[in-house]
Amino acid sequence: MKDKMIIGRYLPNDTIIHRLDPRMKLIFTILFMIAIFLCHSFPQFLIVLIVIGIMVKLADIKLPFLLKGLTPIFVFLIFTFLMHVFLTKGGKRLFEWGILSIYQQGILEGTYIVLRLAFVVIVSTILTLTTSPISLTDAIERLLSPLKRLKVPVNAISMMMSIALRFIPTLMEELEKIILAQKSRGSDINSGNFITRLKAFIPLLIPLFISSFQRAEDLAIAMEVRGYDSKKERTSYRHLKWQLKDTFVLLTIIPIVAAILVLKFLGV
């Protein structure tokens, strides 16, 4: 299971994407996600797919490995698609049985929302795979630094977000250990219908929550004994340097959004 949850992981490498400023990558990711939600046709999604393909190639990430990041949300994607298929009306009616009916517009809207969610997860995964948690924390702290004048705890927010991303693969690894321990005691969570499997997962959640709280307490104690205080201004030996290539890469979002908007305006 831990091999399927790759968001939150970091793959150390020396590629063009890895060497970019983390602040630029974070801003680009947010703007690109907004562009994804602007898409409402297959040609528009094709532009997004091409950009993602370029990012994957430059980051030297294997496509099958990247697609594993969609496995944990596969059930959610299917559920979302079915909700749109059966609840969205419009266009030609393709199927009808009792109170259930499927329209052409429902299939299109379901496909669009699934593509949006899948692309957002992939882009987020590329960000975490090419940016170390420490660099991501520094980027969030630098970008939110103007909010310090409004007494917003920027240091605490950036630290919490970094820890949350870092703990995703750790918790998945812990869950896998719990599943193996339950299987060794004769528990079977892979057989039966959906309700049976759902009930079988309940005994897994209790030890997972206990382990999570224990890890959180250990981390809090470790940070406390090292003198960490989010209210104090901290210095850092890691200095982020915005270069010309970062500006150039960030500006590429303009033609991407422009192309999507032009297709949207033309009704393509």
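Guide: Arg19 has a relative accessible area of 42% and is therefore partly exposed, a class that lies between buried (under 20% relative accessible area) and exposed (over 50%), as found with a 1.4 Å probe on protein chains only. This is a predicted model, in which local features need pLDDT of at least 70 and side-chain atom pairs count only at pLDDT 80 or more, while totals for chains, interfaces and linings use all residues. Residues are numbered from 1 along each chain as its sequence is written, and side-chain values use heavy atoms, with hydrogens and water left out.

The partner of Arg19 is Asp14, and their side chains meet in a salt bridge at 2.9 Å, N to O; the term stands for a side-chain nitrogen of Lys or Arg within 4 Å of a carboxyl oxygen of Asp or Glu. Asp14, at a relative accessible area of 58%, is exposed. By this rule there are two salt bridges, and the one between Arg23 and Asp21 has its closest N and O atoms 3.0 Å apart. Here Arg23 and Asp21 are both buried.

Searching the whole structure gives five aromatic pairs, and in one of them, the stacked pair of Phe28 and Phe32, the centres are 5.9 Å apart with 25 degrees between the planes. Rings of Phe, Tyr and Trp (its six-membered ring) pair if their centres lie within 6.5 Å, and planes under 30 degrees apart count as stacked, over 60 as edge-to-face and the rest as tilted.

Phe45 and Phe119 are both buried, and together with Phe42 and Tyr112 they form one aromatic cluster.

Back in α2, its axis and that of helix α10 (residues 244-251) come within 10 Å and cross at roughly 0 degrees; such axes are lines fitted to C-alpha atoms, for helices over the stretch in contact, and the angles run from 0 to 180 degrees between N-to-C directions. The two helices, α2 and α10, are therefore roughly parallel to each other, given that angles under 35 degrees count as roughly parallel, over 145 as roughly antiparallel, 65 to 115 as roughly perpendicular and the rest as oblique. On the α2 side the contact (heavy atoms within 4.5 Å) is made by Met24, Ile27, Phe28 and Leu31, and on the α10 side by Asp246, Val249 and Leu250. Of these residues, six are nonpolar, none is polar and one is charged, where Ala, Val, Leu, Ile, Met, Phe, Trp, Tyr, Cys and Pro count as nonpolar, Asp, Glu, Lys and Arg as charged, and the others, Gly among them, as polar.

Conventions: Helices (H or I, at least four residues) and strands (E, at least two) are DSSP runs, numbered from the N terminus.
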